[in-house]
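Reader: Hi! Could you walk me through this one? I'd like to ask things as they come up.

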Amino acid sequence: QVQLVESGGGLVQAGGSLRLSCAASGRTFSSLAMGWFRQAPGKEREFVAAITWNGVATYYADSVKGRFTISRDNAKNTVYLQMNSLKPEDTAVYFCAGKGMAGSYYNSRSYDNWGQGTRVTVSS
């Protein structure tokens, strides 16, 4: 098991930027693919971005493509989500999650390690 702790959320105006971090404990982090999901009030949790264990490949939801960038530093056991050109519809609680080799990067059910989330609010 890996414990995940997100940080970096907050209140930002539309058009602004935030960088979320997800710090992992445990020696297995570098073997996990990592993803970011978000859940807005009254909505289901949705996929945002994912990155392979070695950082070679990344995946994005269409709604964030070109605005968000996922990256990782295995030496620091940390995955990041750089969010630019934020919109009010990006308002949500953002969760990082880790998965093994099996399962789709896009499906939350593939992930078995989850953080507690960090809230992002984008004002118009």
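Reader: Let's start with charges: how many salt bridges does the structure hold?

Author: The structure holds four salt bridges, a salt bridge being a side-chain nitrogen of Lys or Arg within 4 Å of a carboxyl oxygen of Asp or Glu. Before we go on, this is a predicted model: local features need pLDDT of at least 70 and side-chain atom pairs count only at pLDDT 80 or more, while totals for chains, interfaces and linings use all residues. Residues are numbered from 1 along each chain as its sequence is written, and side-chain values use heavy atoms, with hydrogens and water left out.

Reader: Thanks. Which residue meets E46 in a salt bridge?

Author: That is R38, with N to O at 2.6 Å.

Reader: What else does R38 form a salt bridge with?

Author: R38 also forms one with D90, where the closest N and O atoms are 2.9 Å apart. R38 lies in strand β4 (residues 33-39) and D90 in the loop between β8 (78-83) and β9 (92-99), so the pair ties together parts that are 52 residues apart in sequence. Strands are DSSP runs (E, at least two residues), as helices are (H or I, at least four), numbered from the N terminus.

Reader: How accessible is D90?

Author: D90 has 0% relative accessibility and counts as buried. D90 also forms a salt bridge with R67, the closest N and O atoms being 2.7 Å apart. R67 sits in the loop between β6 (58-60) and β7, and D90 in the one between β8 and β9, so this pair ties together parts that are 23 residues apart in sequence. R67 counts as buried as well, at 10% relative accessibility.

Reader: Which residues end up in one network, then?

Author: R38, E46, R67 and D90 do, joined by salt bridges that share partners.

Reader: Nice. Switching to cysteines: how many disulfides does a search of the whole structure find?

Author: The search finds one, counting a pair of cysteine sulfur atoms within 2.5 Å as a disulfide. The disulfide joins C22 to C96, with S to S at 1.9 Å. C22 is in strand β3 and C96 in strand β9, 74 residues apart, so the pair links distant parts of the chain.

Reader: What's its handedness, and how accessible are the two cysteines?

Author: The torsion about the S-S bond of C22 and C96 is about 45 degrees, so the disulfide is right-handed. C22 is buried with a relative accessible area of 0%, and C96 is buried, also with 0%.

Reader: On to sheets. In what order do the four strands of the open sheet come?

Author: The order is β1-β3-β8-β7, and the pairing is antiparallel. Two strands pair if DSSP finds at least two bridges between them.

Reader: Which strands stand at the edges?

Author: Those are β1 (3-7) and β7 (68-73); each has a single partner strand, so one side of each is left without a neighbour in the sheet.

Reader: Could you take me across it? How many bridges join β1 to β3?

Author: Five bridges join β1 to β3 (residues 18-25), and S7 stands opposite S21 in β3. Next, β3 and β8 pair over six bridges, with T78 in β8 as the bridge partner of A23. β7 and β8 pair over six bridges too, and there F68 stands opposite M83 in β8.

Reader: What lies between β7 and β8?

Author: The two strands form a hairpin with four residues between them, and N77 in the turn has a positive phi of about 55 degrees. β8 itself is mostly covered: five of its six residues are buried.

Reader: Last one: what does the secondary structure come to overall?

Author: The protein comes to zero helices and 11 strands. Of its 124 residues, 43% count as buried. The C-alpha trace spans about 40 × 25 × 25 Å along its principal axes.

Note on methods: Buried means under 20% relative accessible area, exposed over 50%, partly exposed in between (1.4 Å probe, protein chains only).
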